[in-house]
Structures are given as structure tokens and as C-alpha cells.
Amino acid sequence: MLSGTAPAGRGAPAGAAAPPPWPALREELQIHPAGANGDGSPAWHVCDPVRNLFFRIGWLEFEILQRWPMADAARVAQAIERDTPLAPDADDVARFQGFLEQHQLLRTVRRKPPMPAWRWLLNNYLFVRIPLVRPARLLEKMLPWVEWLYSRWFVALSVLAAGVGVLLAARQWDTVAANLRGALSWEGVLGFAGALVVSKLLHEMGHALMSTRHGVRVGHMGVALLVMWPMAYTDTGESWKLARSRHRLAIASAGICAELVLAAWSTLLWAFMPDGDLRNALFFLATTAWVLTLAVNASPFMRFDGYYMLTDALDFPGLHERAGQQAKRALRRWLLGFDDPSPETLTPGFRRFLIAFAFATWVYRLVLFIGIAVVVYHAFFKALGVFLFIVEMGVFVVRPVMAELRVWHARRGEIRPRRRLGAVLLFALAAAVLLVPWHGGISAPGVIRAGVEQPVFSPYAARLAAMEANDGAAVAAGQSLVTLEAPGQTEEREKARVMSSAYARAARGAMGLEERPAAQQVLAEQQASRWDTERRARDAELLRLRLVAAHGGTLRDVDPLLQSGTWVAPSQLMAMVVDGRRWRVEALVPEHDRQRLAAGSRAVILVKGRTRKLEGQVRAIDNSPVRRLPHLLLAQDHGGPIALNPTAQKKDLRPAEAWFRVTVEGEDDAPVDGVREVRAHFEGTRESLARRWVHAATSVLIEQSGF
């Protein structure tokens with residue numbers, strides 16, 4: 001135990017302000033040896049059991065704590081200089097006192113009031129721990145039974161299994177790729193979910209057993225909610241008591257090692273297992289363990305296993321915080337010219353490493369927090385999703401930036417005039433980039449096809465008499481393409497012709513009759529007129545069987561099954577007349593970009609697979625969003641850029657968001673052959689980045705609030 005008491009105050013010179021009372025150490029603090037620092041000097045850990053926190057201190061700080069009851073900075077410094085090789089001064093003792101006050105390790109420090117429940121929820125809703133079991137006794141009983149997992153021979157066999165398994169899987173890469181594609185189903189999702197549960201349970205068991213093996217008590221195990229997603233966790237917080245950093249490194253890396261062993265043996269067994277449910281289960285286990293271990297757990301930029309492994313490998317506790325302090329100091333020196341002393345003594349090379357690591361961590365976390373904010377926005381209903389998105393961005397992105405800006409503002413008097421001028425110019429440049437309407441370009445996905453397309457269909461069921469043009473042949477306007485015949489229509493026409501002639505003769509013969517000649521003549525003429533009309537109608541129908549080209553172009557897509565005498569249905573496409581020199585593009589733009597476009601504006605088209613650009617004009621802009629994509633080439637499921645609505649059937653090609661069709665037409669000497677994916681570039685009304693961001697945010701708020 002560490003304890004400190006303040007002696008009776010000493011007298012002060014008349015007229016001088018009395019020195020502040022010497023603070024006492026908190027009685028419940030504990031101190032433990034922590035091995036040696038990187039430079040060989042001894043180190044200790046000061047534990048705060050109330051808050052479950054520990055602080056690493058060096059030799060000088062330890063000596064100060066040992067003499068804390070002396071209650072005077074100068075006397076403490078003199079005693080240390082007299083009894084040890086160290087040579088501190090009173091300022092060193094005062095700085096350490098400030099450290100103890102900052103971290104609430106003194107009795108006189110005013111404790112912070114308890115955090116309100118609503119604020120705690122805002123700060124912690126992304127990651128909440130729920131303890132479930134206290135497994136210390138069970139782990140002690142299990143350890144002798146699994147001791148063989150830590151033997152050298154098993155580690156060597158696992159490494160060999162990993163190498164052989166990966167090699168065999170690479171030789172069956174087609175099967176692996178097919179299994180991955182097949183995993184994009186409900187069965188695949190359930191399989192990966194089950195594999196994830198097994199993998200993470202083994203991961204946490206690896207931490208727990210390794211902690212027990214090194215004498216660290218596992219306080220509890222349970223479930224943590226990460227953005228409301230459940231995941232297992234193990235409390236290994238007491239590993240700081242270990243004096244050797246390699247033992248702490250072993251505990252930190254035990255989870256990853258457990259997953260890698262699972263991945264190694266699952267991959268090897270999958271390569272030899274016959275097709276079936278067991279082989280599918282091994283595939284899910286191997287894939288989950290490999291991917292999550294390498295992509296998530298090994299990352300040192302968040303407080304996952306990779307961070308603790310790097311911290312213990314460097315023997316540098318508090319890596320994120322200490323690297324952040326070095327990066328802030330460097331940033332203030334570069335931008336504002338502040339010459340702050342380094343918070344700790346480091347070699348120049350290691351200081352540069354910490355600065356680079358801190359900047360990489362900030363960029364990584366910015367991208368991650370934005371991604372989490374988007375997930376939170378989509379995971380909850382309308383207004384709550386917007387609110388949580390704002391909270392996420394405010395707490396984890398805006399708040400740290402504003403805290404640093406407040407420090408800059410408070411120390412603005414220390415900035416040299418030249419630096420101030422540079423800051424003003426930088427601010428003006430940023431304002432110009434954000435507020436000046438530089439941005440006018442619009443890029444949109446689309447498809448291109450020939451501008452003139454005449455499908456060739458039979459007007460009704462008919463028999464092919466002759467195909468008068470071959471596939472790929474050039475045809476002129478009015479040229480005959482297909483000749484069809486309809487025996488039924490021909491027979492009906494001949495019948496009508498014969499009946500018309502017969503009634504015409506009967507009408508002429510009725511003129512010589514004495515009984516009712518006028519009535520019979522009128523009736524015969526009516527029947528003759530009726531059949532004559534029928535004949536002309538049949539003639540017109542038969543004329544429709546001669547199919548001609550409405551425009552000049554090229555005959556394409558001729559049905560290869562068509563032969564003379566073949567019957568064709570009205571819905572059967574026989575061929576297409578295509579004029580590829582005139583082309584038409586159907587591009588899709590979001591609503592905001594649609595408002596910035598106007599008919600008649602210029603467009604540049606980049607055809608996928610072609611290097612030559614096409615130029616055309618906007619002919620039409622739809623006022624309502626499309627309900628179906630113009631072509632499946634644009635669908636994300638077919639390699640396109642536009643996501644489909646997950647609630648609709650895939651064949652409907654219904655987009656997930658609102659897209660508006662923009663029709664572009666033009667001409668080119670090189671004809672367009674078939675339908676191809678394109679990227680259309682327009683020059684719309686210019687706008688600033690700030691206006692665009694504000695408009696996007698406002699649109700989201702209006703849309704999701706239900707107004």
C-alpha cells in the first residue's frame with residue numbers, strides 16, 4: 001500500500017502568500033514492479049483498484065513516491081539527489097505532482113461528479129460490456145488438460161498444417177471461388193454466422209487460458225455490444241501486473257493464435273474432405289478465422305489484439321495516448337510554431353515513429369467512425385438513425401477536433417505574426433475551396449446503344465417465304481427485308497374476290513327480271529360491295545407481310561433458326577435494323593444533379609472498352625425516377641455501379657435509390673455495335689462544396705424525418 005500524510009504546516013515569511021497544503025496520496029493505491037524499461041531502467045505500476053486503472057512510472061517517480069511524506073518538493077528532490085544517482089530538482093517533483101492530480105491519485109483532488117445516465121449512454125452506446133460468467137476456477141481445472149496445445153511440437157504441426165492447407169486450397173482456387181459465390185445466400189450467411197460464433201469463442205478462450213497459465217486472474221467473461229452487434233469478450237485487465245512484457249504479449253496474442261490454429265487445421269481438413277455438410281462447415285470456419293484475424297483483430301489502430309500486441313512488443317503502455325501527445329506537439333510546432341517541451345524523453349527515431357503512428361491512427365479512425373456512423377444511420381428507424389449519426393460524428397470526430405482548436409485559440413497570443421499571416425492565408429484558401437462554386441462537373445453511369453433500332457416482327461402468325469437480306473448486310477430505307485406468306489389470308493382473299501364477282505354478275509342479271517328486279521339488284525350490289533371490301537382488307541393484310549426497312553442501317557441479330565417455310569409468331573424477333581452511326585445514351589443521375597442539368601447541354605461519353613470519346617447533347621431529362629434500370633449492365637449484381645432494391649426481385653432491376661434518366665444523342669463515324677456500359681460527363685450549373693454538402697445533409701434530414 002502507498003499512503004501519504006501531510007505534516008503540520010510550516011511558517012511563512014510575513015506578507016508572503018502561504019504555500020498550498022501538500023496533498024496526500026490516496027490510501028488504496030497499490031504499487032507493483034513492472035520489469036525494466038526499454039533503456040534498462042526499472043519501472044513500476046501504480047494501480048488504482050477503485051477505477052481498475054494502472055499507471056506505469058519510472059525510477060524517479062518511484063523515488064518521489066517513496067519520499068512523499070516529506071511534504072516539500074525541494075526537500076524531496078534533495079533527498080533523492082543525496083540517496084540515489086538521480087539529480088532531480090523541485091520542478092521535477094512539481095510536474096509529477098501535477099500528473100498525480102490530473103489522474104485523480106491524490107486525496108485532495110476534487111472528484112468529478114458522477115456522469116449523468118444520458119451522457120454515459122451517448123458515450124458508450126457503441127460499446128457496452130455485459131459480464132456473464134466468472135470462469136477463474138473452471139479455467140484452472142481446464143488448464144492441465146490443454147497444456148499440450150502450448151507444446152512446441154503442436155505449434156510446429158500447426159504451422160505445417162497452415163502451409164500445406166493454404167497450398168492445397170490455392171490449387172483448388174476455382175472451388176474456393178465457387179464456395180465464396182455460393183456463400184451469398186441465406187444458407188451462406190447462416191454458415192458464416194455459426195462459424196463466427198465458434199471462432200470468437202475459441203478466440204476468447206485462448207486469452208482466458210493463456211492468462212490463467214501466467215497467473216493472471218480472469219475476472220469475468222461475457223458479451224460486448226459493438227454498435228448493438230453482440231461479440232464475446234474476456235477481462236484480462238490484470239495482465240499489467242506481469243513484470244515481463246513478453247508474458248503480456250503472449251496473453252494479447254493468444255486469441256489471434258487460437259484463431260490461426262483453427263484456420264490452419266480447418267483449411268487442411270477441408271482440402272481432403274469429400275463434398276458435404278462437414279466440408280462446408282470447415283470452409284466457413286477457415287474463411288472466418290483467416291479473414292477476421294488478419295483484417296480486424298490484427299489492426300493496431302483500434303484497441304483490438306493487434307494494439308496490445310504492438311504495445312507489449314514495444315513495452316510502451318498507453319501507446320495511443322502517448323503517440324497522440326507527440327503528434328499534437330508536432331502539429332502545433334509545424335502549423336503554429338509552438339516550441340513545447342516533449343512530454344517524455346525519447347530517441348528521435350522512435351519519436352518519428354510515434355508521430356507517424358498517431359497520424360495513421362487518426363486517419364483510420366476517421367474512416368472507421370464515418371463508416372460506423374453510416375451503419376448506425378441505416379440500422380435504426382428514420383429520426384433515431386439521423387440522431388445517432390449526428391451523435392456519432394459529434395462525439396468521436398467533431399469533439400476531439402474542437403478540443404484541439406480551443407487549445408490553439410487559448411494560446412493564440414504565442415503565435416508569431418508570420419505564422420498568423422500563414423494561418424489567415426490557409427483559412428482563406430480553405431474558405432475559397434469550400435465556398436467558391438468551382439464544382440460543375442457531373443459524372444453518371446449509363447448504357448449506350450444505336451440511336452436507330454428497328455425490330456423486325458411479323459404482324460401476325462405467318463410463314464417465311466424468303467429472307468431477302470443477310471445478317472450484317474447494309475440496307476437502305478424502303479428496302480425489302482423479309483417476305484412472309486399467310487395461306488389462310490390468301491384463301492380468304494380469293495374467296496372474297498370470287499364472291500364479289502358472283503354478286504356483281506347477279507346484280508347485272510337482276511336488271512332483266514320482271515318480278516322485284518329493283519330489290520334483287522340492290523341486294524346483289526350490297527353483297528358485292530361487302531365482299532369487295534373484304535377482298536381489299538385481305539389485300540392490305542397480305543401487303544403487311546412484306547417487311548421493309550424504315551431507315552437505312554445494318555441488319556443484325558438475324559434469327560439463325562429462320563428457314564423458308566418456317567412459321568413465325570407475332571412475338572418472335574426475326575432481326576434488327578441498326579444505324580450505329582447515330583447513338584443514344586441513357587444515363588442515370590441523382591436528383592440533386594438532375595436539377596443542375598438542362599436540355600441541350602454538351603455531354604462527353606466514355607465507352608467501356610473504347611479509348612475514343614464521344615460527344616453529344618442532352619435531349620431529354622426525366623422528371624420522375626426510373627422504376628427499372630435501362631439495362632442489367634448497370635446492376636451491381638452484374639458488375640455495374642448501381643445497387644438494386646433488396647426488397648424487390650432481382651429480375652425487376654429496381655434501383656435502391658432514386659435515379660433520373662438523362663437521354664443523350666449524337667453521331668459518330670465509328671458505328672456503335674451492341675449495348676455497352678458508359679460513363680457520361682456533363683457540365684452542370686456550378687456549385688460550391690459547402691452548398692453541396694449542406695444540400696445533401698438537408699435532403700437526408702427531410703427524407704428520414706418523414707416530412
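This report describes the aromatic rings, the cysteines and the charges over rings in a predicted model. Residues are numbered from 1 along each chain as its sequence is written, and side-chain values use heavy atoms, with hydrogens and water left out. Because the model is predicted, local features need pLDDT of at least 70 and side-chain atom pairs count only at pLDDT 80 or more, while totals for chains, interfaces and linings use all residues.

The structure holds 17 aromatic pairs, where rings of Phe, Tyr and Trp (its six-membered ring) pair if their centres lie within 6.5 Å, and planes under 30 degrees apart count as stacked, over 60 as edge-to-face and the rest as tilted. Two of the pairs are set out below.

| Pair | Centre distance | Plane angle | Class |
|---|---|---|---|
| Phe154 and Trp265 | 6.5 Å | 20° | stacked |
| Phe350 and Phe353 | 5.8 Å | 25° | stacked |

Phe154 in helix H6 (residues 152-171) and Trp265 in helix H9 (residues 245-272) are 111 residues apart, and their pair links distant parts of the chain; helices are DSSP runs (H or I, at least four residues) numbered from the N terminus. Phe350 and Phe353, by contrast, both lie in helix H13 (residues 348-379), 3 residues apart, about one turn of the helix. These two also belong to one aromatic cluster with Phe301, Phe316, Phe357 and Tyr364.

Phe154 is buried at 11% relative accessible area, whereas Trp265 is partly exposed at 29% (buried means under 20%, exposed over 50%, partly exposed in between, with a 1.4 Å probe and protein chains only).

Arg322 lies over the face of Phe316, 3.6 Å from the ring centre (CZ of Arg or NZ of Lys within 6 Å of the centre and within 35 degrees of the ring normal).

The structure holds 0 disulfides, a disulfide being a pair of cysteine sulfur atoms within 2.5 Å.

Notes. Helix = DSSP H or I, 4+ residues; strand = E, 2+ residues; numbered from the N terminus.
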